[in-house]
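Have the viewer open and follow along.

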Amino acid sequence: MTTTAIRGAVARAEHVTKTYGEGQALVRALVDVTIEIPDAHLTAIMGPSGSGKSTFLHCMAALDSVSEGRVLIGGTDLATLSDRELTVLRREHIGFVFQSFNLLPAMTAYENIVLPYELGGRKPDRAWVDEVIRTVGLGDRLTHLPSELSGGQQQRVALARALATRPEIVFADEPTGNLDSRAGAEILGFLRGAVDSFGQTVAMVTHDPVAASYADSVIFLGDGRIVDRMEDPDPQLVLDRMKQFGG
Amino acid sequence: MLHMSLRSAWYRRRRLAGIAVAVALGVAFLAGTLVLGDTLQANFDNLFRQVSAGTSVVVRNSTGISTDRSIDKARGLVDEQLVATVSHVDGVAAAEGQIVGYGSLDGRNGKAIGGNGPPRQAGNWINDRSLNPYHLVEGRAPQAPDEVVINKSAADTGDLHVGDTTTLQTPQPVRVHITGIATFGGAGGVGTSTFAAFTLAGAQQNVTRQPGKVDSIVVRAEPGVSDTTLRDRIRAVLPHGVQAITGSQYTQERIDSVSSTFLDLLRTFLVAFAVIALLVAMISINNTFGITVAQRTRELALLRSIGASRRQIRSSVVTEAILVGTLGGVVGVVGGLGVAGLLKGMFDAFGFALPAGGLTVHTSAVVAAFGVGLLATLIAVQLPARRASGVTPMEALRSAGEQRQIGRGRRLTALALVASGLALGFVAATTATVALAAAAGLLLVVGALVAAPIAFRPVARAASALARPFGRLSLSMAGQNARRNPRRSASTAGALLVGVALVSLFTLLTASLRATLDNEVRSGLTADLVVSNPSFGGGRLSPDLADDALRIPGVRTAVALGGGPLELNGTRSIVSAVDTSRLTSVMSLTTVSGSMSSLGRDGIAVSKGEAQTRGWHPGSRVDLTFPGGASVPTTVRAVYDNAQLLQDTVVPQQLYDSHAVQPTADAVFVRTNTGTTTAVQRALEPIAQRNGATVQTAPQFADSAASGLETLLGIVYVMLGLAVLIALLGIANTLSLAVYERRRELGLLRAVGQTRRQARSVLRDESVIISLFGTVVGIALGMFAGWVLFTALSDGGVFSAPWAQLTVIAVIGGVAGVVASIGPARRAARVPVLEAIGTE
């Protein structure tokens, strides 16, 4: 895998600081973090627990607000958006894959996949949706309820949903955290595939060096700050870097 | 989006079904009461139309005074000679004098036919077939003055046949021979009422006892002559004080009268309870939806994070409410027809006979009940829907089960509400302001609902603590479970709290009213025996009964108490008529001024309250107008302290009887010589029986005087029962949701050795804690409100707390908790161990 030059940033965090609580109980989850998520890249964000990696993802993904600094997606400052505009942004320009509970239990796999279209009152782009479904290999499972699917299949449905609207960026929060290594590898393979064949931009939080090795670059967070970066990671290198955190 | 809401609702259909049932019950009750009201209205309309279907014009005395005994105004009589005058008017095909009065038929067994309630009438047989709504089916019309035709259902119930002889209490007992049996519009009679028809002369002799007079004249027009034309022609020949109206006017008058005196009251009464049931249902719906929203937080947050707007989330909850409300409404409206039948049966069972007939279902009643149910559901769901739309996308990432703490705002609000409610209550009680009492009650109910979650935690902790020394693990665990989400547990108890508070309030008010009545009757009565007809609809007594009683050895005094409606200076009033010279020997009356025994022929006495409101004092001139139109000038000669047994005005019997039509007595009070009471009672009994009355000792009479209240309380209990049922359903619903939520935990407990039985016990104990909490707080609230209301309403009444009844209510509350837990407990015990642990 060759390092491609950064063509442009889909999402950018500028001097982002996120604090919780006040006075004595003040917790700094993120301190002056500046990151660019490059286009058509799979960027992994790593760090030990408490490093602020999940908080960072939530702030980038417009799920949470920042205390200082700003977050831009596609050139738009999230702070300037109303709740309505944020909703539309999440629906049309962002895709999500969470660690668990990604699907609505009452709806079939297919209905879950086209849900963002339904919420927006739009007709699904059938050709594209079909291609995504083919890519993640769900063809024969579309009419099943989530409870009738395995964990790996459920995550594939979630991934298909995230990709279905051709979002500018997909945020994945420990997408393999609940899966066995084989199913995990499948999901990571699909993510990688989405970047390579569709030019999809993906930002993924993980604590798994193997997962991180699928990325084009890895950003290491520690105590709310960026502590390192790594291009073209391989599992051993990432693991070694992670070990340094343990001290 | 709609499609999504529907799918989601269908997926959780079992959890939503409970809410729909609460809506259905409330709507069923409301629909039932509305349909019952319409049905009764239609039946009465139909009845009155039938009665005067063939009548073109009615001629009657123009002075009518409304009475509380009948839907028709009390009227004077008109001269029988007018019948001939009217007959000669051009266009009159037939005109007949009519008499309708009181007459109770004895059956073969010597007892009054029909028992309590239904009207018992006696009058004359109208010979013109069109003018007479009754038609002979057996025998012949009466010819001699002691012959009667009776209606078929009376004959059937009383086992009477043509040729039989029986007694008619008019209320003087009259021996009558039955010569015929008649039906009314194809039915055996008017509802369960009885009717006996003499000849006109017989009716004058036995019913009104005024020869040469009739109640009214009914006229049939010749073909081609309109009712209004005939009415105008007849008017021209009538003397002053006599009026003519068309048959349809007459019918409309009676329809309006039954609406305003009876149906409107009944409707208001029933709808009030339906509204209570719906309010309780709303508390329950609000709570249940709140729980389902809380349980779906992650789902809602997920929706938000993939692009659902707040409005979409909100409308998905509202859509669910519309679905549930619609379903509940449809089921409720259908069930309402059954409820209407049940209500009718209930009123029959309690002794208020209502006219029979099929149900009348107006679209308006259906739409109203359905609409109100849907609206109630929508209002109840507003808070949960707002909470749902406030779920942030971030909550999709948090672990479930985080709960909100009880805020300071709630504590302060609760404190302010309860404190101001209590303070207002004391002010209301001391200043006797009913409006303040109502406001205090409302503040306390709202305060209790707000404060309940705060109070619940220590209560549940106490239950746990209580369980430990007795080794009741289930109770201890139940206490912990209930405490886990005190807000939810408390609002679950809230619906029951409101229901029980109302039950306690009515129980307390009834007990206190009863104690007051009892006390006043006892202390106001110096008579030893009382002859009265204990029935509701008021079987009446002959005023001669007092004279008969006086002839019994050992009787010192016997005084008949009667009366009726009069106009006092133009204002309608019900007065008591009594022999005032002897009154003080059977009643202890405190006279504020003047003397009861020296009213003279033209003096009246008024109560202190009446004197105050009317500004009367001894010497005031008061004109009495009798139903016959006679006006008599009188003077107030005495003012007495308010007395339970007397109306607010007392008119000397002689004066009253000389102007009243068919004067009767309600009760005869007898004072005996020392030691002869038992003997007198025995001698009095057959005389009383001839009048269909019973003899009671003074304490017995005091008791039975208040027994009508118990009947009313019985009806109120049944009405409130539904609200309590809805509340219990709410508890069962919440527990089911809790079971669903605690599946993993229940599975884990079973995995480490909890038996199914123990799993059930924990849930049952939790249910009992919740329902007892609601019951006990409800009783406390109801008692305080009852005390405030009673103290504000009655001046100097006897407050009585019916501890035994309140204890029963508390026990029922606990038992109800056990019943409510049956379903959820069974489900909890059935949770499969492995699957439960495996569920995410």
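## A helix pair in chain A

Is Arg192(A) buried or exposed? Arg192(A) counts as buried because its relative accessibility is 10%; buried means under 20% relative accessible area, exposed over 50%, and partly exposed in between, with a 1.4 Å probe and protein chains only. Its salt-bridge partner is Asp196(A), at 2.8 Å from N to O. A salt bridge here is a side-chain nitrogen of Lys or Arg within 4 Å of a carboxyl oxygen of Asp or Glu. Asp196(A), at 53%, counts as exposed. Both residues sit in helix α7 (residues 181–198) of chain A, 4 residues apart, or about one turn of the helix. Helices (H or I, at least four residues) and strands (E, at least two) are DSSP runs, numbered from the N terminus.

## Ground rules

This is a predicted model, where local features need pLDDT of at least 70 and side-chain atom pairs count only at pLDDT 80 or more, while totals for chains, interfaces and linings use all residues. Residues are numbered from 1 along each chain as its sequence is written, chains are lettered from A and ligands numbered from 1 in the order in which they are written, and side-chain values use heavy atoms, leaving out hydrogens and water.

Over all chains, the structure holds 40 salt bridges. One of them joins Arg60(B) to Glu253(B) at 2.8 Å, N to O. That pair links distant parts of the chain, with Arg60(B) in strand β1 (residues 57–61) and Glu253(B) in helix α7 (residues 247–295) of chain B, 193 residues apart. Arg60(B) is buried at 6% relative accessibility, while Glu253(B) is partly exposed at 34%.

Then there's Asp703(B) with Arg514(B), at 4.0 Å from N to O. Asp703(B) is in helix α21 (residues 698–705) and Arg514(B) in helix α15 (residues 486–524) of chain B, so the bridge ties together parts 189 residues apart in sequence.

## The sheet in chain A

Chain A has an open sheet of 4 strands in the order β2-β1-β4-β5, paired antiparallel; strands pair if DSSP finds at least two bridges between them. β2 (27–38) and β5 (76–77) are the edge strands, each with a single partner, so one side of each has no neighbour in the sheet. Strand β1 (residues 9–20) is joined to β2(A) by 8 bridges, and Tyr20(A) stands opposite Val27(A).
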